[in-house]
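Q: I am new to this one and would like a short tour. Where shall we begin?

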Amino acid sequence: MSLSALQSIPEGVVNLADFEPHAQAAMRPQDWAYLNGGAADEITLRANRAAWDRLGLRPRVLRDLSGGHTRVRLLGRELAQPVLLAPIAYQQLAHADGELASAYAAAAQGAGMVLSAQSSVAMEPVARVFANEPGSGPLWFQLYWRDDRGFMRELLQRIEQAGFEALVLTVDAPVHGARDRERRAGFKLPEHIRAVNLGGLKKPLDLQAGQSALFDGLMPRAATWAEIAWLREHSKLPLLLKGVTHPEDAVQAQGLGAAGLVVSNHGGRTLDTVPATAHLLADVRAALGADYPLLVDGGIRRGSDVLKAIALGADAVLLGRPYVHALAAAGALGVAHGLRLLRDELEIAMALCGCKTLADAGPHLLWPRGV
Ligand SMILES: Cc1cc2nc3c(=O)[nH]c(=O)nc-3n(C[C@H](O)[C@H](O)[C@H](O)COP(=O)(O)O)c2cc1C
């Protein structure tokens, strides 16, 4: 699989959010509702964004910042910048090149990528893109638990063989949120787009009259803490959990040997009225201690948001919808350009806050009374 012809960046795009109207114009309305929508009243979706906006930064002046950089260490390796593309399903809805274009862009920009279990592109070509780019960030594979251990064993082997560096089990979505916007728009996956790495069929629900499809059908097959141990036994790769928001869950995951966590509310797509991740992050960091790998996502749109996330205790962030907007608007070049704009903003914010490196960021950068 190779990329289609390079597109140009739409005129007037100077930040990531500027891609959004171009993406909307390029996508079918129902696919746009799937990509941009959240659960129920979208309170969490809006809160994620608003919380980063309301956190104030405190400038520091006249420090010598020469030789500064955005590099961080994560899971034993150095990243050029603390940004990974979040796992987003079915990216061919946004662009025919799908996840392959996102991979080229991330690898070229020294950002990492978490490939969705529901990728519309095979995992092997995506892994080759990263293997062929020496300065690329880490490439991780996101999993949803499927209650079929034979299937899971084969999938884990294939992920390792392809060259992925870590597994990310998403734990906050054993059931879809009630995504009203998407349902109103009548979203349905088109025939030609599917989760090509999953193959096989999920076992059909086996319900008696009067049973709940959720509690009697789905939940007996959903992952529990016991499956964390099983996954660790059956793969050599480090296992991170994505979608943890409660400090007690974080500590339990850490105790079970998870290699790291992603504080996430799934971009407001699962349980509506979960607080913004910017509000949840510091408590999770405090519970885990200083040296444990911790990432965050949800509403990150600006380089200054990345700096705020690091100041609150994250080691790195996942970027969600905005890179898919860039993908829809301008393919691989769009995503690469969007990542470059984000990194430029991060460098500017660091310099104006007197941070030479991200190790200089901490709660002291944040203005306690907000903007
Ligand atoms: C269209 C869409 C599909 C997603 N698919 C997945 C997925 O397959 N696996 C997963 O763990 N998270 C998935 N997510 C959640 C993202 O990984 C991430 O947590 C979220 O988008 C971050 O919020 P942001 O979009 O505000 O940056 C999806 C999000 C969107 C918008």
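Backbone, ligand and salt bridges

A: Ala40 counts as partly exposed because its relative accessibility is 28%; buried means under 20% relative accessible area, exposed over 50%, and partly exposed in between, with a 1.4 Å probe and protein chains only. This is a predicted model, in which local features need pLDDT of at least 70 and side-chain atom pairs pLDDT 80 or more, while totals for chains, interfaces and linings use all residues. Residues are numbered from 1 along each chain as its sequence is written, and side-chain values use heavy atoms, without hydrogens or water.

Q: What is the phi of Ala40?
A: Phi of Ala40 is positive, about 50 degrees, although Ala40 is not a glycine. Most residues other than glycine have a negative phi.

Q: And where is Ala40 in the chain?
A: Ala40 sits in the loop between helix H2 (29-36) and helix H3 (43-54). Helices (H or I, at least four residues) and strands (E, at least two) are DSSP runs, numbered from the N terminus.

Q: What about Thr273, then?
A: Thr273 also is not a glycine, and its phi is positive, near 75 degrees. Its place is the loop between strand E9 (260-263) and helix H11 (277-288). Thr273 counts as exposed because its relative accessibility is 54%.

Q: New topic: how many residues surround the ligand?
A: There are 22, the closest being Pro87, Ser116, Thr170, Asp297 and Gly299; a residue is included if one of its heavy atoms lies within 4 Å.

Q: Which side chains have an N or O atom at a ligand nitrogen?
A: Lys242 has one 2.9 Å from a ligand nitrogen, and His266 has one 3.4 Å from a ligand nitrogen. An oxygen of the ligand is 3.0 Å from an N or O atom in the side chain of Arg301. Such polar contacts are pairs of N or O atoms within 3.5 Å.

Q: How many salt bridges are there?
A: The count is 15, where a salt bridge is a side-chain nitrogen of Lys or Arg within 4 Å of a carboxyl oxygen of Asp or Glu.

Q: Which residue does Glu345 pair with?
A: Glu345 pairs with Arg302, their closest N and O atoms being 2.6 Å apart. Glu345 belongs to helix H13 (residues 321-352) and Arg302 to the loop between strand E10 (294-297) and helix H12 (303-311), so the pair ties together parts 43 residues apart in sequence.

Q: Is Glu345 buried or exposed?
A: Glu345 counts as buried, at 17% relative accessibility, whereas Arg302 is partly exposed at 35%.

How values were computed:
A polar contact is a pair of N or O atoms within 3.5 Å; within protein, one must be able to donate a hydrogen and the other to accept it, and residues adjacent in sequence count only if both atoms are side-chain atoms.
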